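Me: I would like to go through a structure with its ligand. Could we take it step by step?
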Amino acid sequence: MMWDQRYGEPGFAYGTEPNDFLRASAQRLPAGGEILSLAEGEGRNAVFLARLGFRVTGVDSSAVGLDKARALAEQHGVHVDTAVADLAEYDLGVARWDGIVSIWCHTPRPLRERLHRGVVAALRPGGVFLLEAYTPDQLQHRTGGPPVAEMMMTLDAVRAELAGLELIEARETVREVHEGKYHDGTSAVLQVIAQKP
Ligand SMILES: C[S@@+](CC[C@H](N)C(=O)[O-])C[C@H]1O[C@@H](n2cnc3c(N)ncnc32)[C@H](O)[C@@H]1O
């Protein structure tokens, strides 16, 4: 499995610091709430949120990544729950989470559409969804992300998938991303913060 291989390398593929957009926007998540982090990987974002006092569950298909996530949490004296699962099969639940976080969670489009509809149902009233992902323009930058546009996201598509949530922030933008050797340089990204009424 490609991700197990990448996470089997020494060090942390995307570093141990949280994603910049998450760091800047975490105060939008309901304080102390239960947060689900989709495609959590090696734990940098989950651990950041746990250190802020959120109760965090990270789901990812890579057992190797989530083993490192639990070790990183322990190192920081916090706990994160982990679930090794393919998002195609993972049950997000209904009115289950105060926040759902999606950082670079790139899947084939049909799965993404299902997942985002699931996110709308899985948030509690007042719950917040926070996403950063590459847009198809990222293919021109080649500084990280999947190799095909089909796995990237546009604002128009994601807005439609999140019908039922109110968009608090939503933009396509170009920014510097420096998160380890796999995400490094000028990048075309989508940033969304959306709330369930
Ligand atoms: C670019 S990494 C990002 C990891 C983490 N969100 C971060 O920002 O450090 C993408 C992650 O998506 C996970 N992933 C991709 N497809 C998945 C799927 N269908 N189900 C569960 N996890 C998946 C991979 O295992 C990998 O950890």
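Me: Which helix holds Trp 3 and Tyr 7, and how many residues apart are they?
Reply: Both belong to helix α1, four residues apart, which is about one turn of the helix. Helices here are DSSP runs (H or I, at least four residues), numbered from the N terminus. The model is predicted: local features need pLDDT of at least 70, side-chain atom pairs count only at pLDDT 80 or more, and totals for chains, interfaces and linings use all residues. Residues are numbered from 1 along each chain as its sequence is written, and side-chain values use heavy atoms, with hydrogens and water left out.

Me: How many aromatic pairs are there?
Reply: The count is three aromatic pairs, where rings of Phe, Tyr and Trp (its six-membered ring) pair if their centres lie within 6.5 Å.

Me: And why is the pair of Trp 3 and Tyr 7 tilted?
Reply: Their ring centres are 5.8 Å apart and the planes meet at 35°, so the pair is tilted; planes under 30 degrees apart count as stacked, over 60 as edge-to-face and the rest as tilted.

Me: What about Ala 39 and Asn 45?
Reply: A polar backbone atom of Ala 39 is 2.7 Å from a ligand nitrogen atom, and a polar side-chain atom of Asn 45 lies 3.2 Å from a ligand oxygen atom.

How values were computed. Polar contact = N/O pair within 3.5 Å; in protein donor to acceptor, adjacent residues only side chain to side chain. Helix = DSSP H or I, 4+ residues; strand = E, 2+ residues; numbered from the N terminus.
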